Amino acid sequence: MPENARTTPIYQYSLLTAAPQHAIVGDGILTGEISTFDGKLLPSLEERVAELTGRATAPAVDSGSSALRLAMRGLGIGPAHEVIIPELGWVSIGAAADMLGATVRVAPATDTLTPTWEQIQPLIRPSTRAVVLVHLRGRPAPGTSEIAARLEDLGIPLIEDCAQAWGVDVEGRPAGGWGTLATYSTHTFKLIATGEGGLIVGDDPDTMALMRAIGGDTRQHTPHAVWRSKARMTELAAGLALPQLDHLPTLLTDLRSLQQHVLEALEGIHGINLVPDSTSPVGNGSLVGLRLPNTAAAGELSGALFHAGYRSWWPGPGDLHTAAAWPVQPEHTLTDPQRYLDIQIPWLPAPGRLAWANTLATCIEQSLAGAR
């Protein structure tokens, strides 16, 4: 842990386990064990993630985007098919379907930032081959169990995008436990961060074997010849992830503690609504969502937070998390994502959490008062 960890907020959580990561990666460099085959770290990571998500196996790949593309290819998605994706989520979700020649249809988001079954159902056609549901901003997508059950009845696979959902409980199951397949990311800004990386979790042995093969595992047998790409995670990336997985339960507890202080400090401030509307910790604790009266107020608050040293996300114009920046948009919209903003929760030791939350609340209150 850095020497100044007791006084400085830590936003890149991987710094908390820097020492064991350094030891593992250093040993790999010294021994030359850095490939994608015949190592010990990759199998260990895959086993750990499978156990964490309650799934049979979890092939590790080089990015969350690769995980999405391989998941869709593993489900046999192609030019004759349609894939339903949510209005908010990273652009690579739709890109994965488009690369396979499928048609992308976009389900409008509600005020929770995700669609429910009510928004998904009207888009389903005989050519629908998959639905992607995103557990966005470290929170569970509301109505996941209903969506999963309805799709199962229709024989349509559900893909859960859990890129931001490490440690999230979704209606009694770990994120990734409801879909036919689910994908995770280990990009720099995720709770498990290796720079780049991802995993696919699932149960069906034939589907998982096919994805391993097309992802570049030349040892994986397939019943017929397939085109194989290269999307394997490296041994060193897996080595970065393992200490963070060990530390994840502690990190979640710490983040949720500060998240609750922030939620309580923000309750009742004129001009904001909490998303979701609760002062109880939600998701993995990494973010607090706000809805502002209008887009101008949200944009101004985002700027004020930036200048005050707080990390936040505002889906402003051109943001690639929003369908407005994609080639395909929903037929109608239900909410204005540019009224939304969320604040990243850093790691802080317990004695400094309440003061940090109160100072943040003061900054927000002053920004909103100035905007009025």
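**Close-up views of the predicted model**

**Figure 1. Packing of helix H3 on helix H4.** Helix H3 (residues 64–74) packs with helix H4 (residues 92–99) at an angle of about 40°, their axes being 9 Å apart. The two helices are therefore oblique to each other; angles under 35 degrees count as roughly parallel, over 145 as roughly antiparallel, 65 to 115 as roughly perpendicular and the rest as oblique. The crossing of H3 past H4 is right-handed, a crossing being left-handed if the near helix is turned anticlockwise from the far one by less than a right angle, and right-handed if clockwise. On the H3 side the contact (heavy atoms within 4.5 Å) is made by Ser-65, Leu-68, Arg-69 and Met-72, and on the H4 side by Ser-92, Ile-93, Ala-96, Ala-97 and Met-99. The residues of this contact of H3 with H4 comprise 6 nonpolar, 2 polar and 1 charged. Here Ala, Val, Leu, Ile, Met, Phe, Trp, Tyr, Cys and Pro count as nonpolar, Asp, Glu, Lys and Arg as charged, and the others, Gly among them, as polar. Axes are lines fitted to C-alpha atoms, for helices over the stretch in contact, and angles run from 0 to 180 degrees between N-to-C directions. Helices (H or I, at least four residues) and strands (E, at least two) are DSSP runs, numbered from the N terminus. The model is predicted: local features need pLDDT of at least 70, side-chain atom pairs count only at pLDDT 80 or more, and totals for chains, interfaces and linings use all residues. Residues are numbered from 1 along each chain as its sequence is written, and side-chain values use heavy atoms, with hydrogens and water left out.

**Figure 2. Packing of helix H3 on helix H7.** H3 and helix H7 (residues 205–214) pack at an angle of about 125°, with 9 Å between their axes. This angle makes H3 oblique to H7. H3 passes H7 in a right-handed crossing. Leu-70, Ala-71, Arg-73 and Gly-74 of H3 meet Thr-207, Leu-210, Met-211 and Ile-214 of H7. By class, the contact of H3 with H7 has 5 nonpolar, 2 polar and 1 charged residues.

Figure 3. In H7, 7 of the 10 residues are buried, so the helix is largely enclosed by the rest of the structure. Buried means under 20% relative accessible area, exposed over 50%, and partly exposed in between (1.4 Å probe, protein chains only). The buried residues of H7 are Thr-207, Met-208, Ala-209, Met-211, Arg-212, Ala-213 and Ile-214. They pack against helix H2 (41–53), H3, E8 and E9. After H7 comes Gly-216, which has a positive phi, near 115°.

**Figure 4. Gly-202 in strand E9.** Gly-202 is placed in strand E9 (residues 198–202). With a relative accessibility of 0%, Gly-202 counts as buried. Residues up to four places away in sequence aside, Gly-202 touches Arg-55, Ala-56, Thr-57, Thr-180, Leu-181 and Met-208. Gly-202 and Thr-180 are 22 residues apart in sequence, and their C-alpha atoms are 6.4 Å apart in space.

**Figure 5. Aromatic pairs.** The model has 3 aromatic pairs; rings of Phe, Tyr and Trp (its six-membered ring) pair if their centres lie within 6.5 Å, and planes under 30 degrees apart count as stacked, over 60 as edge-to-face and the rest as tilted. The ring centres of Trp-166 and Tyr-184 are 4.5 Å apart and the planes lie at 50°, so this pair is tilted. Trp-166 lies in the loop between strand E5 (158–161) and strand E6 (169–170), and Tyr-184 in strand E8 (residues 181–185), 18 residues apart. Both Trp-166 and Tyr-184 are buried. In another pair, Tyr-310 and Trp-356 have ring centres 5.4 Å apart and planes at 75°, so the arrangement is edge-to-face. Tyr-310 is in the loop between helix H9 (295–308) and strand E12 (312–313) and Trp-356 is in helix H10 (residues 353–371), so the pair ties together parts that are 46 residues apart in sequence. Tyr-310 and Trp-356 are likewise buried.

**Figure 6. Thr-144 in helix H6.** Thr-144 belongs to helix H6 (residues 144–154). Its relative accessible area is 0%, and Thr-144 is buried. Apart from neighbours within four places in sequence, Thr-144 contacts Leu-133, His-135, Glu-160, Val-170, Glu-171 and Trp-178.
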